[in-house]
Amino acid sequence: MAIYEKLTSQCDALIAGPEIPVVTKNYEITVGTALKRGTLLTITAGKAAATAKGGQATAIVANDVDDKATVVTAYVSGRFFADKLIAADSDTVDSHEEELRGAGIYLATAL
């Protein structure tokens, strides 16, 4: 099985392709914070939090975490489908596209 096939079969179509290397990193989160896979994250001083409206998104949650977790694995590089990502209420993923690109995360749209 090719790497791309293996990644896409395990990643519920969040990853858009192999053109940009998919890289993850672990970050500390505040206990009591549940996060869904695909949520935009803001990283500050090595700690992650869901990106608030108007905040700067620099990573994406790789796996669901419950409210007892203290660490989140995040994608810090790769190509992802914009319609599969999760932004804060009354915010849009598109409004974070430029800053994500600056962090090494590129957005794609489904054909």
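Me: What joins β3 to strand β4 (residues 47-50)?

Reply: In this predicted model, 4 bridges join β3 to β4, and the two strands run antiparallel. Threonine 44 stands opposite lysine 47 in β4.

Me: Why do β3 and β4 count as paired strands?

Reply: Pairing needs at least two bridges. β3 and β4 have 4, so they count as paired.

Me: What is found between the strands in the hairpin of β3 and β4?

Reply: There are 2 residues between the strands. In this hairpin, alanine 45 takes a positive phi near 50°.

Me: What makes β3 and β5 a pair?

Reply: 2 bridges join β3 (residues 40-44) to β5 (residues 59-61). The rule asks for at least two, so β3 and β5 pair. They run antiparallel. Here leucine 40 stands opposite isoleucine 60.

Me: Which residues touch the most other members of the largest nonpolar core?

Reply: They are Leu40, Ile60, Tyr75, Phe80 and Leu85, in a core of 14 residues. β6 (71-81) and β7 (105-108) each supply at least two residues of this core. Another core lies apart from it, with 12 residues, including Leu35 and Val76.

Me: Why is tyrosine 75 called buried?

Reply: Buried means under 20% relative accessible area. Tyrosine 75 has 6%, so it counts as buried. Phenylalanine 80 is at 0%, so that residue counts as buried too.

Me: Why is the aromatic pair of tyrosine 75 and phenylalanine 80 called tilted?

Reply: The ring centres are 5.0 Å apart. The limit is 6.5 Å, so the rings pair. Their planes make an angle of 50°. Stacked needs under 30 degrees and edge-to-face over 60, so this pair is tilted. The structure holds 1 aromatic pair.

Me: How do you know that histidine 96 is buried?

Reply: Its relative accessibility is 2%, under the 20% cut-off, so histidine 96 counts as buried. Histidine 96 sits in the loop between β6 and α2 (97-102).

Me: What makes the approach of histidine 96 to aspartate 91 a polar contact?

Reply: The two side chains come to 2.7 Å.

Me: Why is leucine 107 called buried?

Reply: Leucine 107 has a relative accessible area of 16%, and buried means under 20%, so the label holds. Leucine 107 lies in strand β7. Among the residues it touches are Phe80, Leu85 and Leu100.

Me: What makes glutamate 19 and arginine 79 a salt bridge?

Reply: Their side chains meet at 3.0 Å, N to O. The limit is 4 Å, so the pair qualifies. Glutamate 19 is in the loop between β1 (15-17) and β2 (23-28), and arginine 79 is in β6, so the pair ties together parts 60 residues apart in sequence.

Me: Why is glutamate 19 called exposed, but arginine 79 partly exposed?

Reply: Exposed means over 50%. Glutamate 19 has 52%, so it is exposed. Arginine 79 has 26%, between 20% and 50%, so it is partly exposed.

Me: How do you know that lysine 68 and aspartate 67 form a salt bridge?

Reply: Their closest N and O atoms are 3.8 Å apart. That is within 4 Å, so the salt bridge counts. The structure holds 4 salt bridges.

Conventions:
Residues are numbered from 1 along each chain as its sequence is written. This is a predicted model: local features need pLDDT of at least 70, side-chain atom pairs count only at pLDDT 80 or more; totals for chains, interfaces and linings use all residues. Side-chain values use heavy atoms; hydrogens and water are left out. A nonpolar core is a set of buried Ala, Val, Leu, Ile, Met, Phe, Trp, Tyr and Cys residues joined through side-chain atoms within 4.5 Å. Buried means under 20% relative accessible area, exposed over 50%, partly exposed in between (1.4 Å probe, protein chains only). Rings of Phe, Tyr and Trp (its six-membered ring) pair if their centres lie within 6.5 Å; planes under 30 degrees apart count as stacked, over 60 as edge-to-face and the rest as tilted. A polar contact is a pair of N or O atoms within 3.5 Å; within protein, one must be able to donate a hydrogen and the other to accept it, and residues adjacent in sequence count only if both atoms are side-chain atoms. Contact means heavy atoms within 4.5 Å. Lists of a residue's contacts leave out its neighbours within four places in sequence.
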